[in-house]
Structure formats: structure tokens, C-alpha cells
Amino acid sequence: MPRVIHVFRQPERFVAGTVGEPGERSFYLQAIQDARTVSVLLEKQQVSVLADRITALLQEVARRFGADDFDDEEAGTDLDPLAVPLEEEFRVGTMGLGWDAETRSVVVELLAVTDEEVDESVVLDDTEEGPDALRVFLSPPQAKAFADRAERVVSAGRPPCPLCAEPLDPHGHVCVRLNGYHQRSPVED
């Protein structure tokens with residue numbers, strides 16, 4: 001069956017969001033253009049890496065081409081929840097990121113998880129063979145707004161343990177730095 005590539009050349013919205021309580025959240029990326037909405041499921045770490053790489057790409061593009069080349073439009077960070085109904089198109093396996101100098105856009109491509117290894121030539125390509133994909137073109141201000149929101153979404157989870165940096169559950173956790181023991185507070189004595 002030929003692959004489906006969802007292309008958003010001028011999205012009204014491209015955001016990261018979650019469903020569920022901290023510690024049990026599912027992470028989504030959602031693209032909206034006109035009356036079309038596509039949502040894909042991915043891991044927290046993938047959201048974090050994508051935000052970091054977009055930020056690095058924007059810095060490199062500004063360094064090479066000068067920040068003056070970007071439009072002066074300012075895209076604020078979108079704080080609205082994900083659009084509902086939330087229907088997962090696919091789970092993200094491979095991610096691709098690029099700069100389209102012709103349209104002066106950041107191109108994000110998210111490929112569905114597959115059993116076979118994905119050939120690099122499939123990323124950012126329109127071949128009929130390969131996993132389903134979501135391809136989104138973002139202006140630099142849109143890309144920056146996406147990265148800002150994605151970082152907020154990732155950090156809005158459980159607070160980290162001050163000793164081991166692992167997430168704390170509401171009832172604490174067994175910290176590897178303490179070999180499973182906790183220090184007694186003076187109140188417990």
C-alpha cells in the first residue's frame with residue numbers, strides 16, 4: 001500500500017501537547033491547516049530532542065544567513081490545549097529536520113514507526129515506498145514558538161529528584177543515590 005504523506009505548507013497551528021497526568025502522559029504533535037487536523041503520538045524524549053534541534057537549526061540559519069533575512073513577524077507561544085477529538089494518525093519513529101532556503105522555512109518530517117529500518121533517502125522525500133509521514137513547513141517565528149511550547153510541555157511533568165534527577169512520584173521514589181534508603185528527618189525521631 002502506498003504511503004500517506006500529510007503536508008502542511010502554511011499551518012495555522014503546529015504544537016506539542018499532552019494527555020494524562022504527570023508520570024502517565026501521552027505526548028502528541030498536532031498540525032492544523034484549514035479544516036484539516038493531523039495528530040501523531042511520540043515519546044517525551046522525542047519532543048525534547050525536536051525542540052532542541054529546531055532551536056539549534058534556527059541559530060545556525062541566523063548565523064549563516066543573518067537574522068535580518070527573517071520576517072519581522074512575531075509568533076507568540078500558543079498555550080491553547082490540543083484540538084479535540086484527538087485521533088492519533090500514527091506513532092512517530094524517525095524524525096527529520098531541514099531548512100528550505102527557497103521558502104525560508106524550517107521543515108519538520110515525522111515518520112511512522114515501522115518494523116524495517118528506514119532508509120535515510122525516504123526522509124523529506126515523496127517516494128511512494130516507506131512509512132506514512134507528517135511534513136510541516138514553519139516560518140522561523142513559528143518554529144521558535146513551537147520549540148518554546150515543546151520545552152514547556154516537557155518540563156511541566158513531575159519535578160526531578162534533587163539527588164538523582166529522576167522524576168519524583170507524588171509519594172516519592174527509591175533514589176539510586178541513596179541505595180534505596182531515605183534520610184530520617186528530625187520529626188521522625
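This is a predicted model: local features need pLDDT of at least 70, side-chain atom pairs count only at pLDDT 80 or more; totals for chains, interfaces and linings use all residues.

Residues are numbered from 1 along each chain as its sequence is written, and side-chain values use heavy atoms, with hydrogens and water left out.

**Fold**

The protein has two helices and seven strands; helices (H or I, at least four residues) and strands (E, at least two) are DSSP runs numbered from the N terminus. Along the sequence they follow the pattern β-β-β-β-α-β-β-β-α. Of the 189 residues, 35% are buried, where buried means under 20% relative accessible area, exposed over 50% and partly exposed in between (1.4 Å probe, protein chains only). Among contacts (heavy atoms within 4.5 Å) between residues at least 6 apart in sequence, 61% join residues at least 24 apart.

**Sheet**

The seven strands form an open sheet in the order E1-E7-E6-E5-E4-E3-E2, with mixed pairing. Strand E1 (5-8) and E2 are the edges: each has a single partner strand, so one side of each is left without a neighbour in the sheet. On average, neighbouring strands are turned by 30° against each other, direction ignored. Two strands pair if DSSP finds at least two bridges between them. The table shows the pairing at the two edges.

| Strand pair | Sense | Bridges | A bridged residue pair |
|---|---|---|---|
| E1 and E7 | parallel | four bridges | Phe8 and Val136 |
| E2 and E3 | antiparallel | seven bridges | Thr18 and Phe27 |

In a regular strand the side chains alternate between the two faces of the sheet.

**Helices**

H1 packs on the sheet, touching E2, E3, E4, E5 and E6, and its direction makes about 15° with that of E5. H2 lies across E2, E3, E5, E6 and E7, running at about 5° to E2. The two helices, H1 and H2, also pack together, at an angle of about 145° and with their axes 9 Å apart. Axes are lines fitted to C-alpha atoms, for helices over the stretch in contact, and angles run from 0 to 180 degrees between N-to-C directions. Residues in this contact include Val47, Leu50 and Ile54 of H1 and Ala143, Phe146 and Ala150 of H2.

**Core**

The largest nonpolar core has 31 residues, and those with the most contacts inside it are Phe14, Leu29, Leu110 and Leu134. Such a core is a set of buried Ala, Val, Leu, Ile, Met, Phe, Trp, Tyr and Cys residues joined through side-chain atoms within 4.5 Å. H1 gives the most to this core, with seven residues. Leu29 touches residues including Phe14, Val38, Leu50, Leu110 and Phe146, not counting residues up to four places away in sequence.

**Ala16**

Ala16 lies in strand E2. Its relative accessibility is 1%, so Ala16 counts as buried. With residues up to four places away in sequence not counted, Ala16 touches Tyr28, Leu29, Val47, Leu82, Phe146, Arg149, Ala150 and Val153. The C-alpha atoms of Ala16 and Leu79 are separated by 10.0 Å, although these residues are 63 apart along the chain.
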